[in-house]
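Subject: Structure for you to look over

Hello,

I am handing over the structure below. My notes on what was found follow it.

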Amino acid sequence: DEAARARYTEQAIRRLGSMRELVDGLFDYAKAADPGFAPELVPVALMPAVSDVLVSFYPQFTARGWEPRIDCADEDARVLADAPSLARALANLVNNALRYGSGAPGISVRGRGSEIRVTMSNPVERPGDIDAARLFDRFYKSDAARTGEGSGLGLAIVARLVEAMGGTVSARVEGDELAIELALRRA
């Protein structure tokens, strides 16, 4: 039966895509968590890095009718980072906001002493179901709040990359918004 064959083929392709995402995520997590991973830290202009990542997700934002909000007190802010690792961490944050958020994200960049804090926040459907303390654990998914087919590795990768660059990452739920903050050393 051609209809059944087409349906099973579609299901197999979808499952293979999910499996590929999981394997890729596991590989990326293993690289970031490797004790021998030593990213090359150089001064990186933060706003161009944020802008490049946001532009790469333009089609997804347009499809949802979302326009990210950017609030940057210091557009010339520079951080000590590995540019590819920083881009990956920012991309994972944006991807998380697109997958599990219920509204456009806001990005705030603020300096505090010797560090720069990048905070991405966006509304979520069921904020009470999110355990902010566990968001960076491998494979953590809040069933009600994170109903997509993600692997639960994206934010764990963010945490490992930021820590490898000498920074910290934290999350909090404020009202109906999830806020994830990266603190990186000022260059």
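**Helix packing and rings**

The crossing of H2 and H4 is right-handed. Please keep in mind throughout that this is a predicted model.

To place the two helices: H2 covers residues 46–56 and H4 covers residues 83–100. Their axes come within 9 Å and cross at roughly 50 degrees. On the H2 side the contact is made by Leu-46, Ala-49, Val-50, Val-53 and Leu-54. These meet Leu-86, Ala-87, Leu-90, Ala-91 and Val-94 in H4. The contact of H2 with H4 consists of 10 nonpolar residues, with no polar and no charged ones.

H4 also packs against helix H5, residues 154–164. Here the angle is about 150 degrees and the axes are 9 Å apart. An angle over 145 degrees counts as roughly antiparallel, and H4 is therefore roughly antiparallel to H5. The crossing of H4 and H5 is left-handed. From H4, the residues in contact are Ser-85, Arg-88, Ala-89, Asn-92, Leu-93 and Asn-96. Their partners in H5 are Gly-154, Leu-155, Ile-157, Val-158, Leu-161 and Val-162. By class, the contact of H4 with H5 has 7 nonpolar residues, 4 polar and 1 charged.

Next, the aromatic rings. How many aromatic pairs does a search of the whole structure find? The search gives 0.

Regards

Terms used: Residues numbered from 1 in each chain as written. Predicted model: local features only at pLDDT ≥ 70, side-chain atom pairs only at ≥ 80, totals over all residues. Heavy atoms only, no water. Axes fitted to C-alpha atoms, helices over the stretch in contact; angles between N-to-C directions. Helix = DSSP H or I, 4+ residues; strand = E, 2+ residues; numbered from the N terminus. Left-handed = near helix turned anticlockwise from the far one by under 90°. Contact = heavy atoms within 4.5 Å. Nonpolar A, V, L, I, M, F, W, Y, C, P; charged D, E, K, R; others polar. Phe/Tyr/Trp six-rings, centres within 6.5 Å; stacked < 30°, edge-to-face > 60°. Parallel < 35°, antiparallel > 145°, perpendicular 65-115°, else oblique.
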